[in-house]
Amino acid sequence: MARLEGKTALITGAASGIGAGAARRFVEEGANVVLADIQEDPGRALAAELGGATRYARCDVTAESDIAAAVDLAVAQFGKLDVMVNNAGVLGAVGSIVDTTAEAFDRTMAILARGVFLGIKHAGRVMVPRKSGSIVSLASSSGMIGGDGPHVYTMAKHGVVGITKSAASEFSAQGVRVNAVAPSGTVSALTSMVVTGTPDSFEATENALAASSSLGFAPLPADIANAILFLACDESRYVTGHTLVVDAGLTTGKAPSYFHTIEAGLVFEAGRRE
Ligand SMILES: NC(=O)c1ccc[n+]([C@@H]2O[C@H](COP(=O)([O-])OP(=O)(O)OC[C@H]3O[C@@H](n4cnc5c(N)ncnc54)[C@H](O)[C@@H]3O)[C@@H](O)[C@H]2O)c1
């Protein structure tokens, strides 16, 4: 049986990149999917391509009423909401902390942190009464370490890891799981802007990301979609409050290490080797 057969999912930021990859994967696995995004044309085009099991909802995650309406649309169209993916995102404020305005901070946090909080809130509103559901939010390797992204982005993504644990601690007694996925640089419009300054130079982006990856290749949206799928479906039924890192070991430290090539032995005291 398909892994999301009979399930309904709502994915924010589904018109592009990782969200679109998750939408494709979810439909392959039998789900009904509401594609929620501010980008109407690509959102509608993807819904048309994926067929009858999908709906497009215009949804700006900075507006609570839009998120509430997208959740209600999923329930009205498909009878329930089983999976919520809080994926919508931007890079937001860039540059030195010293030069970052409070307005740029607020606009970035409104999407990356408050948008995720509101997504969890409104998914919980319809999942908790049914005592069933899985919520997956997009954190980032920038949510695990410093120096991997812009300051406000890094703060927001650490916040996603935090609210994932906090919401899981409330919802687990009600049968709703809450998890996150933390990718490192993945080929998408967002990274293309960072790497090349244009949103659609995917080949150049992939080459640049591959060159800095310890595994020697760059992750595609489909790679992240597979991690989201695992947390969304019942294969992860005992997993909650977890952030699944998908980063080729980036956040484990610098590899390769000197300690991998040193001659094997035992060192117990300074200067004495057995
Ligand atoms: N690509 C990466 O390297 C990477 C790494 C770690 C985490 N992420 C996270 O993954 C998520 C998806 O990013 P992506 O790389 O696919 O980027 P992307 O730019 O391809 O897609 C982001 C989508 O979010 C939508 N969006 C932006 N603001 C919105 C809003 N206010 N309301 C609703 N939709 C909005 C955009 O229209 C777009 O369709 C983001 O949360 C991002 O921070 C990406």
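Two residues are in contact if their C-beta atoms, placed from the backbone, lie within 7 Å. The views below come from a predicted model, where local features need pLDDT of at least 70, side-chain atom pairs count only at pLDDT 80 or more, and totals for chains, interfaces and linings use all residues. Numbering runs from 1 along each chain as its sequence is written.

**View 1. Ala 20 and its surroundings.** Here's Ala 20, sitting in helix H1 (residues 17-28); helices are DSSP runs of H or I with at least four residues, numbered from the N terminus. Leaving out neighbours within four places in sequence, Ala 20 is in contact with Ala 14, Ala 15, Leu 46 and Pro 221. Ala 20 counts as buried because 26 other C-beta atoms lie within 10 Å, the cut-off being 20 or more within that 10 Å, with C-beta atoms placed from the backbone.

**View 2. H1 against H8.** H1 packs on helix H8 (residues 221-232) at about 60 degrees, with the axes 8 Å apart; the axes are lines fitted to C-alpha atoms over the stretch in contact, and angles run from 0 to 180 degrees between N-to-C directions. That makes H1 oblique to H8, since angles under 35 degrees count as roughly parallel, over 145 as roughly antiparallel, 65 to 115 as roughly perpendicular and the rest as oblique. On the H1 side, the contact residues include Gly 17, Ala 20 and Phe 26, and on the H8 side they include Pro 221, Ile 224 and Leu 229.

**View 3. Around Val 181.** Not counting residues up to four places away in sequence, Val 181 touches Val 136, Leu 138, Ala 139, Ile 224, Ala 227, Ile 228, Leu 231, Leu 244 and Val 246.

Note on methods
Helices (H or I, at least four residues) and strands (E, at least two) are DSSP runs, numbered from the N terminus. A residue is buried if 20 or more other C-beta atoms lie within 10 Å of its own, exposed if 12 or fewer, and partly exposed in between; C-beta atoms are placed from the backbone.
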